[in-house]
Amino acid sequence: MGVDSVQWNLEQWAEGYEWLEEGDEWSRWWGDTDAMWLAVLQPRIAPFVPTGTVLEIAPGFGRWTHYLKDLADRLVVVDLAPRCIEHCRERFAGSAHLEYHVNDGTSLAMVADDSVDLAFSMDSLVHADATVLERYLEQLATKLGPDGVGFFHHSNLGAYARDLARARRRSGRARARLVARGRLPHPQAFRDPGMSAERFADLCDRFGLACIGQETISWSGGAMMTDALSLFTRTGSRWDRPNRRLANPGFVDEAERMRSLWSASSFDHDGDTTDPTR
Ligand SMILES: C[S@@+](CC[C@H](N)C(=O)[O-])C[C@H]1O[C@@H](n2cnc3c(N)ncnc32)[C@H](O)[C@@H]1O
């Protein structure tokens with residue numbers, strides 16, 4: 001993945017992937033999608049919702065759209081894969097306050113200036129390179145409303161350039177052990193190697209946005225903090241404050257704990273009592 005990340009993403013998600021479970025398969029390490037929403041996303045965006053207009057970038061088959069739709073007066077979803085937008089259109093046909101757009105992987109031209117209260121992207125832009133994030137942030141500087149906020153999940157692999165080079169030189173069990181212990185990043189985790197939390201904050205700064213919170217996290221398949229959850233807002237908004245950075249290497253362990261709690265306490269929506277962790 002590199003400067004052509006838009007093309008890679010289009011091939012992967014519009015053609016290459018089967019989408020058999022609408023993306024719910026990526027929530028299993030937390031128990032299921034409800035568990036991941038409740039444990040990961042709801043607490044982190046709670047101060048900003050419910051709200052007026054939410055923009056979701058890269059919804060895929062609507063794994064988070066399903067929850068966001070109940071937290072917004074209007075929800076605009078934008079994805080580069082036509083197939084994903086078609087699926088969301090069908091899946092959420094009963095919700096009249098949703099708007100759907102296919103884009104070219106960078107454009108937000110369909111979104112009015114000063115209109116977005118919350119811009120949200122989860123488990124998608126980790127695969128995007130810095131150019132894509134740069135383009136989105138540049139536009140959000142004018143698309144966000146005066147008190148608008150953004151919550152983006154993106155790659156932090158760029159913080160580990162030297163470790164990544166070491167990981168690429170190794171293979172087999174020795175590498176797997178070092179990855180599991182958080183000593184090396186997973187070299188095939190599809191995180192963009194040029195993006196990092198620091199670079200994200202610099203980009204915000206460049207476009208007159210304020211980066212107000214960043215959590216670096218580990219992700220399934222490794223204990224190194226290859227990912228970041230970044231919060232940003234318009235400079236001078238009611239949310240503006242000096243950036244708070246938090247390193248959360250225990251994210252993977254939290255998932256494991258949630259998964260075991262969830263298997264004991266949750267019920268499947270269809271009344272199926274099968275253990276969701278199996
Ligand atoms: C791994 S899927 C995740 C979908 C959803 N966020 C979820 O968590 O289930 C990645 C999605 O991001 C979209 N995507 C990737 N890069 C994008 C970009 N630059 N702009 C818009 N959509 C993008 C893909 O088309 C795909 O739908």
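Student: How many residues surround the ligand, and which are the closest?

Tutor: A residue counts as near a molecule if one of its heavy atoms lies within 4 Å of it. Here 20 residues surround the ligand. The closest are Arg63, Asp79, Gly105, Met122 and Tyr136. This is a predicted model, where local features need pLDDT of at least 70, side-chain atom pairs count only at pLDDT 80 or more, and totals for chains, interfaces and linings use all residues. Residues are numbered from 1 along each chain as its sequence is written, and side-chain values use heavy atoms, leaving out hydrogens and water.

Student: How does the shell around the ligand divide by class?

Tutor: Ala, Val, Leu, Ile, Met, Phe, Trp, Tyr, Cys and Pro count as nonpolar; Asp, Glu, Lys and Arg as charged; the others, Gly among them, as polar. In the shell around the ligand, 12 residues are nonpolar, five polar and three charged.

Student: Which elements each supply at least two residues of that shell?

Tutor: H1 and H5 do. Helices are DSSP runs (H or I, at least four residues), numbered from the N terminus.

Student: Which residues have polar atoms at a stated distance from a nitrogen atom of the ligand?

Tutor: A polar contact pairs N or O atoms within 3.5 Å. An N or O atom in the side chain of Ser124 is 2.9 Å from a ligand nitrogen. For Leu80, a polar backbone atom lies 3.4 Å from a nitrogen of the ligand. Gly60 has a polar backbone atom 3.5 Å from a ligand oxygen.

Student: What share of the ligand's area does the protein bury?

Tutor: Accessible areas come from the Shrake-Rupley method with a 1.4 Å probe. Alone, the ligand exposes 600 Å², and the protein buries 99% of that.

Technical notes:
A polar contact is a pair of N or O atoms within 3.5 Å; within protein, one must be able to donate a hydrogen and the other to accept it, and residues adjacent in sequence count only if both atoms are side-chain atoms.
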